[in-house]
Amino acid sequence: MRLNSFIFDSDFLQALVPARVMDSLSTYVYLGSLNLDRMLLPFLLMGLLLLLAVLAGRKKWQFRSVIYFFGGIIFLRLMLFGNPVAWYLHSKLLGWNDVGFRQVNVIDNELRHYFDPPEEVRFLAIGSSQTGALYGDYAKNNSDLYKVELSGLGPTEYYLYRDIVGKVKPEHVLLYLSEFDIARNPSYDTYRYAPRQWWSLASYTLSLRNNEQSEEMQAGLKELWIAQLFPEFKYSFIFKGYLRKWLGLNQTFERDAENFNTQSKNDKTQSQVSSLKDIFDANAIENSMAALNYFLEYCKSQGLQVAIIEGSYHPDAYNQKNLTLNSLVNEKMVQISESYENIEFISHDKISMLLAEDFVDGYHLTAVAADRVTHEIIKYIDGPSESVRADDL
Amino acid sequence: MLFNTFEFLVFFVFVYAIYRIVPHKPQNILLLLASYFFYGCWDWRFLSLILLSTCVDFYCGNRIHSSSDDRTRKVFLAVSMIVNLGVLGFFKYFNFFIESLDVLFSGFGWSFNYSLMNIILPVGISFYTFQTMSYTIDIYRRNLTPSKSVMDFALFVAFFPQLVAGPIERAVHLLPQIENPRQISREDIKIGCWLIVFGYFLKVFVADNLAPIVDVTFAEGSAATGAEILSSTYAFAFQIFGDFAGYSSIAIGLSRLLGIKLMTNFLYPYFVTNPQDFWKNWHISLSSWLRDYLYISLGGSRKGTLMTYRNLFLTMFLGGLWHGAAWNFVIWGVYQGSILIIHRLCLPALGKLDDIMRPLPFGLWRLVRILFMFHVTCFGWLLFRASSLDQISEFTKTLFTDFGGLSPLAIYNLKMVIVYVTPLIIIQLYKKWNDDIYALIKLRPSVITGCYVIFFFLIFLLGEFNATEFIYFRF
């Protein structure tokens, strides 16, 4: 629900808003001043029920108390995380060393909610920081590609972020996937940061639970449900971040940040490569694929084309185990692309080979390599269709 | 199922919705089934222990009451005690005693082959065992007539809000409320809601935010400096208060919503000036239980000064052991017994000192005494929280002989304590100032609503929801 809107000059916004937020917002149309819909309705419903109960008891003071209580909470919600100024401040004042990688992305995306995406987006790239590294530079300079980057975002979470797909309505959704995402146990503690899900959350939860019963997943889903009703719970990291920052308490993240910043490029790469050799798990594939299917079904229902590009990581990390998993995942991707008309799988062999020097660390591409690969991907998608290519062969 | 989980919220709302629309007898059946379900969610096998305790004490209570023969009455009291303490002893202390015996024997150069059993400690066993024992003892003392309904008695034993961590209720107080129809007044709902929210604030905002500080310092092999130990002990003092008083507050609040009044378990333990007052403010249901059923049974203060000291010491020693099967709890009990005795010994001197210092302005002398007593209590918490006897001796040595300066970690700890404890201190001061634990709910409705909004945001914005169970579940 946009209560009103203002027209801003793009240069003004560029100067005002942190660059990382504006990255792929090539045209800025207007800024919604208040955003109520994502947090208000269920809460109002609760308040209404309580009011009805109080009215049934005909207690005037109780009626006033309920109004004050819910009114007070809604007012504070709007002040703290229901308006662009608040999100602008959170985005400006908090860094990843205060709140964490994913959390910073969440703040940035919340602020971006108040901006309209470019009018005609051809490509929407959604994924983790790998996706961010791959399309970042291209998205900055080209309005046909819109990038949504959330640190650690994996296939089990794509469906939770479908509102962005629905809002942008691109021609193609670009997913950058390999065993790096599919054969890795998801981190369920980030589920709570997902946007409002409405009724489909129940069926999504059930479908996830059918594939996995781990305690971590149960806890993650539970947090997601609670966060849907209580945005205070969802955004508590922001206020804990302020507390840490202002009292000089940000020891945990500061220590990580210090390690992260002081490690040499080579050391960082080596440690990530060695962890990549051991991190993947074939047992995670079924769960990831089931969740991915859920998202792909959604794209199909929206009439969107999906391009699944085979993701890459540092060549030194491809040991026998990873190669086996790679072919297993590729097999699954081919099966998917064959079973959905709107899905195309672009494997490694259709784009140029990536070498060690193309990576800035264990799994993020350098700007030069990313730009090259992005152009190749777009060229491939814009090229002749799969059937024409098959006929050529 | 923990109070601080979403599952419990759903469970309680469901139970409460039915509870409000059914008459008294079905209400009791519902509460009993809900209580067994609540306990069974943790481990259904241990429901058998609750059932055993219920059956034995119900039967023994009836036999004690119906018999006029003193010997028979004593026999059935003994049966009740042996069964309850036997179960408690086996599940809680068996391995501890075997290990301790081995250490003792090896000191004399003897050794005996033993194997420890893999015994799981049933949640809340110390609480409901003491509660049911009070029933038979009170009947034996002719302070209570036995319950006529086994179902009502079963509910008294298993009443879910206070089943796993108290308050340890007395049959004299709780049973009549179960047996007679209950009226839920507007006041009950008002107080109940307030206590629940305040309890969550204590647990989620205060206790669980302080827990990581304490865990780091008291981890095994920790080489903390004096300032780090001191700041972490401060943190633990408020963590354990927030955790346990929080649980009690939620339990009392939930019961109040059900129309049942439980006893107050915590007042202002850190605003007291002597150990005797501390025990009148801390875990009141346990300290009064120990006083009524142990200290007085031992003779109390009726048999002269020396016997009084002995009784005090024994009571606190056993009180320490009640908390857990570990030597640090025993030492903590001994420490509590000792400071109670020392305080009694020093009373005349303290009285004189009081007379001299009282004229100091702004209640300064009182503040000094409160701070002194707080530190005495904190040293007890160090004994209580330490992960081993070695850690106790190492930390004590560091604190008193090698304190050192303020490290960055100590400053961090202190800042955390200040941030998370200040709202609690303000609330406690207000209640203490008005000498009324319900002082805040007697404010104007608009102020109360404002307090609820503030609590709501403190809990959800700054609360810690990843913590696991309540500390006293282990006891």
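What follows covers the interface, then a glutamate, then the cysteines.

A: This is a predicted model, in which local features need pLDDT of at least 70, side-chain atom pairs count only at pLDDT 80 or more, and totals for chains, interfaces and linings use all residues. Residues are numbered from 1 along each chain as its sequence is written, chains are lettered from A and ligands numbered from 1 in the order in which they are written, and side-chain values use heavy atoms, with hydrogens and water left out.

Start with the interface. Chain A puts 27 residues into the contact and chain B puts in 25. Contact here means heavy atoms within 4.5 Å. The two chains bury about 2300 Å² between them. Of that area, 77% is on carbon and sulfur atoms. Buried area is the accessible area (1.4 Å probe) that two parts lose on being put together, summed over both.

Next, the charged pairs. Two salt bridges link chain A and chain B. Each needs a side-chain nitrogen of Lys or Arg within 4 Å of a carboxyl oxygen of Asp or Glu. One of them joins B:E7 to A:K222, with the closest N and O atoms 3.4 Å apart.

On chain A, the elements that give two or more residues to the side touching chain B are α4 (60–81), α13 (215–229), α14 (231–234) and α15 (236–246). Helices are DSSP runs (H or I, at least four residues), numbered from the N terminus. α4(A) gives the most, with 11 residues. By type, this side of chain A divides into 15 nonpolar, five polar and seven charged residues. Ala, Val, Leu, Ile, Met, Phe, Trp, Tyr, Cys and Pro count as nonpolar, Asp, Glu, Lys and Arg as charged, and the others, Gly among them, as polar.

Now the glutamate. B:E228 sits in helix α10 (residues 226–257) of chain B. B:E228 counts as buried, at 10% relative accessibility. Buried means under 20% relative accessible area (1.4 Å probe, protein chains only). Leaving out residues up to four places away in sequence, B:E228 touches B:T217, B:S407, B:L409, B:A410 and B:N413.

Last, the cysteines. Over all chains there are zero disulfides, a disulfide being a pair of cysteine sulfur atoms within 2.5 Å. B:C60 is buried, at 2% relative accessible area. Its closest cysteine sulfur is in B:C55, 11 Å away, so the gap is too far for a bond. B:C378 is also buried, at 5%. Its sulfur is 20 Å from the closest cysteine sulfur, in B:C346, and that too is too far for a bond.

Methods: Buried < 20%, exposed > 50% of the residue type's maximum accessible area, 1.4 Å probe, protein only.
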